[in-house]
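I opened my notebook to look around one structure, entry by entry. Here is what I looked up.

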Amino acid sequence: MTLYDRFGAPVSSGNRRSVDAFNEAAALMLGYVADPLAKIDAALAADPGFVMGHCFRAGILLTSSEAGAEPELKRILGILIGHEAGANDRERGHIAAIRAWAERDFYHASEEYGRVLCDFPRDIVAMQFAHLCDFLLGQTTMLRDRVAQIMPAWSEADADYAYLLGMHAFGLEECGHYERAEETGRRAVALQPKDAWAYHAVAHVCEMQGRTEEGIRWLTGGADNWSPNNMFAFHNWWHLGLYHLENGDTAKVLSLYDEAIRPQSSQVAMEMVDAAAMLWRLHLRGVDTGRRWDELAGIYEGWVEHAYYPFNDAHAMMAFVATGREEMGRRLIAALEAAAAADDSSARMIREVGLPVVRALKAFGDGNYPAAFATLLDVRKRAVAFGGSNAQRDLLSLTLLESAVRAGDAAAALALANERKSAKPASPFVRGLFKRVAALPGAAMVTAA
Ligand SMILES: [Fe+2]
């Protein structure tokens, strides 16, 4: 008799205890509640041949974006290949996705998960992994459309429907459908108040529309729901920090950094990215952040040769630049240049976006603002291809703008300030920006023109 997981997707295992533990792990993962891996380890202890257990573990590893996870991913793939003959079609689809990712064919991996979803639209585990792959790979429309593909197989009667809505809300937001995104995200939260991803989707809408005060209310009002014991909380705190930064409250940003965004040192790549990104935003404004960079830069030093997921490398370069680690900066660029020649997804992302971004950051650090400006001006238009969200990649626009100001290019700085004003007309940061631009030599002529 075929067993099904709690979502309605088939598993080849006949071990009810393992399937129950898998159900619990997947439910935790949907809400980013700690600790799904501990649950899945229990499932695997009860049945070491539990295919979906291994697939789940591999999915978490591959969506971590960490080169350090690759050996373990390959080890699990080896186990799964040994069990492939007894696996069902759904599981074979997961194994194909894991194999593709382990071979650094990231784009193909996302489509293997997509294929599983076509055949098994109740496989919300595949949906979450596909969603995270789409996020990591900058496949923005698929953040929206892949969820839409399986929505008809679900309804509000399903206990976990809210999580699908949360994913859809984020995809809608990244595609610029702000109204629908907000409505969908709020509906998800109404159905499942602990849906950290749905909270996040609405936070993004507020960020993109410059609705700073509403964003602060939304996230602080819901923090008791989305933050306790939550592996994603650091990122929602980071969004809260962005609002305060827009208001110019850098003291609040630094206290949030210490208490919630980076409360302790960790080597989780996505946590490091957010920490570095927040410090870089402060760095661009000339805010003294004390010794905070050193902790990040010290960890990134150990990753300098990874050249695996260039979004991470870009943030490593920020840490090297901010701490004056010139030799590390050179080694990072050399590692990326060497990796760029390969025929895999890593190399493609490095060539198209990673290397130009990292070189621009290095130029910025060297005080060569015209070079930083020229490179960023070109690459930011296609920077979506190295993943992350629009809000995260806004860092490139901010660095571009700062490069224009420091290069004394009043006309370009004014154009870029106008761009930000259009998106965030009430922003105190934007107001300050116009004052800085107006003080540039030649600004009067530009404004008069
Ligand atoms: Fe975000």
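Predicted model: local features only at pLDDT ≥ 70, side-chain atom pairs only at ≥ 80, totals over all residues.

Entry: I started at Asp-35. I found Asp-35 in the loop between α1 (16-30) and α2 (36-46). Then I checked the bond leading into this residue. The peptide bond from Ala-34 to Asp-35 is cis, and its omega is near 10°. I wrote a reminder beside that: most peptide bonds are trans.

**Entry: positive phi.** I also reminded myself that most residues other than glycine have a negative phi. I looked up two residues against that rule. Asn-229 is not a glycine, yet its phi is positive, about 55°. I located Asn-229 in the loop between α12 and α13 (233-246). Is Asn-229 buried or exposed? I looked up 12 C-beta neighbours inside 10 Å, so Asn-229 counts as exposed.

Next came Ala-307. Its phi is positive too, near 45°. Ala-307 sits in the loop between α16 and α17. Here I found 24 C-beta neighbours inside 10 Å, so Ala-307 counts as buried.

**Entry: α11 against α12.** I turned to a pair of helices. I kept in mind that two packed helices are described by the angle and the distance between their axes. Helix α11 covers residues 196-208, and helix α12 covers residues 212-226. Their axes come within 9 Å and cross at roughly 170°. Therefore α11 and α12 are roughly antiparallel to each other. Which residues of α11 and α12 make the contact? From α11 I listed Ala-196, Tyr-199, Val-202, Ala-203, Cys-206 and Glu-207. From α12 I listed Glu-214, Gly-215, Trp-218, Leu-219, Gly-222 and Trp-226. Sorted by class, the contact has eight nonpolar, two polar and two charged residues.

**Entry: one side of α16.** I moved on to helix α16, residues 292-301. Its buried residues include Arg-292, Trp-293, Leu-296, Ala-297 and Tyr-300. Why are they on the same side of α16? They cover an arc of only 110° around the axis, which puts them there.

**Entry: the core.** Last, I looked up the largest nonpolar core, with 152 residues. Ala-198, Ala-276 and Ala-319 touch the most other members. I followed Ala-319. Leaving out residues up to four places away in sequence, Ala-319 touches Ala-276, Trp-293, Leu-296, Ala-297 and Tyr-300.

Methods: Residues numbered from 1 in each chain as written. Core = buried A, V, L, I, M, F, W, Y, C linked by C-beta atoms within 7 Å. Buried ≥ 20, exposed ≤ 12 C-beta atoms within 10 Å, placed from the backbone. Contact = placed C-beta atoms within 7 Å. Helix = DSSP H or I, 4+ residues; strand = E, 2+ residues; numbered from the N terminus. Arc of directions from axis to C-beta. Axes fitted to C-alpha atoms, helices over the stretch in contact; angles between N-to-C directions. Parallel < 35°, antiparallel > 145°, perpendicular 65-115°, else oblique. Nonpolar A, V, L, I, M, F, W, Y, C, P; charged D, E, K, R; others polar.
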